[in-house]
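Have a look at the model below, and keep it open while you read.

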Amino acid sequence: MAQKVSDYVLSRLREWGVENVFSYAGDGINGLLAAWERAGDRPRFVQARHEELAAFEAVGYAKFSGRVGVCAATSGPGAIHLLNGLYDAKLDHVPVVAIVGQQGRSSLGGSYQQEIDLLSLLKDVAGEYVQMVTVPEQLPNVLDRAFRTAQARRTVTAVIIPGDVQDLEYSPPAHAFKMVPSSLGVSRTHMAPPREDVERAAEVLNAGKRVAMLVGQGARDAASEVVEVADLLGAGVAKALLGKDVLSDETPFVTGAAGLLGTRPSYELMRDCDTLLMVGSSFPYSQFLPEYGQARGVQIDIDPGLIGMRYPFEVNLLGDAKDTLRELIPLLRRNDDRAWRGTVERNVRDWWQVMDRRAGVEADPVNPEQVFHELSPMLPDDAIITSDSGSAANWYARHLKIRGNMRCSLSGTLATMGPGAPYATGAKFAHPDRPVLALVGDGAMQMNGINELITMGRYWREWADPRLVIAVLNNQDLNQVTWELRAMSGSPQFLPSQRIPDFGYAAFAELVGFRGIKVDSPGEVRGAWERALAADRPCVVEFVTSPSIPPIPPHAELDQMENVAAALLKGDPAAWSVVREGVKAKVQEFVPGRGDRR
């Protein structure tokens, strides 16, 4: 039997080492589906419940495996559904290849059913490389370039294959005019800036007395070098949210997350430093960096499109974080004055005591900060943690101490709702032998997480470690937006937009064969986590939490507090509980004395 184009596509995916393709069926990819059957389901067709979820699964797989994620969708509506997940990958610099069907070539331009201009649709999200295959001889080059570009540039690429092309007999490009041959593979590039630029950077850093470092996901392979530089300079190190798992939070001079969801010691680090070294981050919030003119700055990044942004850096080093830091280290002088380092470490110790006290504030029924604070010391050292957007991301950023070989992520730049659960599915396909936890609000869970439980229920028995814990914060409120209305607009909660229906998340989990645990008392939190982490199957833990604990930044400015007060005076439906619980939580930052609340 002659090899068809669809057969060749799957064969080439296998040659690229692709093991899983996250997808949902549709007639625009019928040729590929038939080829999957002939290929014995290699690479594995992982059936999502929706194309958006398939894209998120591919992003989660890519984030936690370090490999290219692959998703596939039918023409028209299927391709449209992929977009949110693909934009999430693009903005977080994650390599994903999308394979999309299209109507037959003879119908294009004829307003045919499900015909849309896919090249235009995908041009922004896959702007680095998007092509439509119209003859079989295009295939090797188009597929190979899509993979190489996605991997080398850490971005999204797309390959569009019309349905009739999928069923054509495959023929390779010939050694002839206007034929483009191709080959597999791409090697890792070691890239370091010129010596004279590294020397200039060393001069700036050696002159600093109060050095702050900010590291992002681009520094993940350079953790030991980051620690060595910080030790030489006596620096404190803050982490961008996507770099939360770069360094252990048990390191005394690591101040935790920076930015809107960040910690007070990270804010103080930036507020008081005289020198800033940013490594592997495109951190977007310049207001959380030093005042302009306050600090001299050096940036290290491998992406020329992201270098020299966010702050008026004096030296911009274009290069791989690990390679560049290795070039820099021999040029740095040890700063023997440890007063600045001592201040940073003291601020960090004080902060964790504040977090301890905030977790102990009574709430009706459960304080969400307690939920995350109790989890932190119980996390396995090899856990993979995903968080959704919303108020859950605040508690994830501030309360969870990353250590050991833990990995974690969320939608950092797009900050879209909905990826927490499908990221966890992708993580399980990347590491079926590791425990995975998804921390999700009830808004995101109702948006698409409920459907993702069905997908998890289909595949979990294949995973070597069946532990997959989905924690749902059930407060019946789109809580992050509610607090943004109060703090940024001085507007009371608008119930028609913010109140969401109650739902039995734990009960639904039992329907799909999971463990379901519902927690509506503070005394049940620890035991629930213990049972979930010891379960022999995936487990949904539904925490009924108070919506009145404020996720306002710990360094909230006076105008934000005034806006909250104004919102409450305007008749906020939750005014009394906000005063009773929210103010009590906030005041823990100013309680004198030290010591653990327990």
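1. Start with Val 519: its bridge partner in β18 is Phe 543. Strands β17 and β18 (residues 539–544) run parallel and are joined by five bridges. Strands here are DSSP runs (E, at least two residues), helices are runs of H or I with at least four, and both are numbered from the N terminus. Two strands count as paired if DSSP finds at least two bridges between them.

2. A word on the source: this is a predicted model, in which local features need pLDDT of at least 70 and side-chain atom pairs count only at pLDDT 80 or more, while totals for chains, interfaces and linings use all residues. Residues are numbered from 1 along each chain as its sequence is written, and side-chain values use heavy atoms, with hydrogens and water left out.

3. Now zoom out to the sheet. Six strands make an open, parallel sheet, in the order β14-β13-β15-β16-β18-β17. Which strands stand at the edges? They are β14 (407–409) and β17 (515–519); each has a single partner strand, so one side of each lacks a neighbour in the sheet.

4. Next, find helix α3 (residues 51–65), which packs on the sheet and touches β13 (384–387) and β14. Its direction makes about 140° with that of β14 (axes are lines fitted to C-alpha atoms, for helices over the stretch in contact; angles run from 0 to 180 degrees between N-to-C directions).

5. The largest nonpolar core has 57 residues, and Leu 86 and Val 96 are among those with the most contacts inside it. Such a core is a set of buried Ala, Val, Leu, Ile, Met, Phe, Trp, Tyr and Cys residues joined through side-chain atoms within 4.5 Å. Helix α3 gives the largest share, nine residues.

6. Do look at Phe 429 and Trp 463. Their ring centres are 5.9 Å apart and their planes stand at 85°, so the pair is edge-to-face (rings of Phe, Tyr and Trp, its six-membered ring, pair if their centres lie within 6.5 Å; planes under 30 degrees apart count as stacked, over 60 as edge-to-face and the rest as tilted). Are these residues buried or exposed? Phe 429 is buried, with a relative accessible area of 11%, and Trp 463 is buried too, at 6%. Buried means under 20% relative accessible area, exposed over 50%, and partly exposed in between (1.4 Å probe, protein chains only).

Terms used
Contact means heavy atoms within 4.5 Å.
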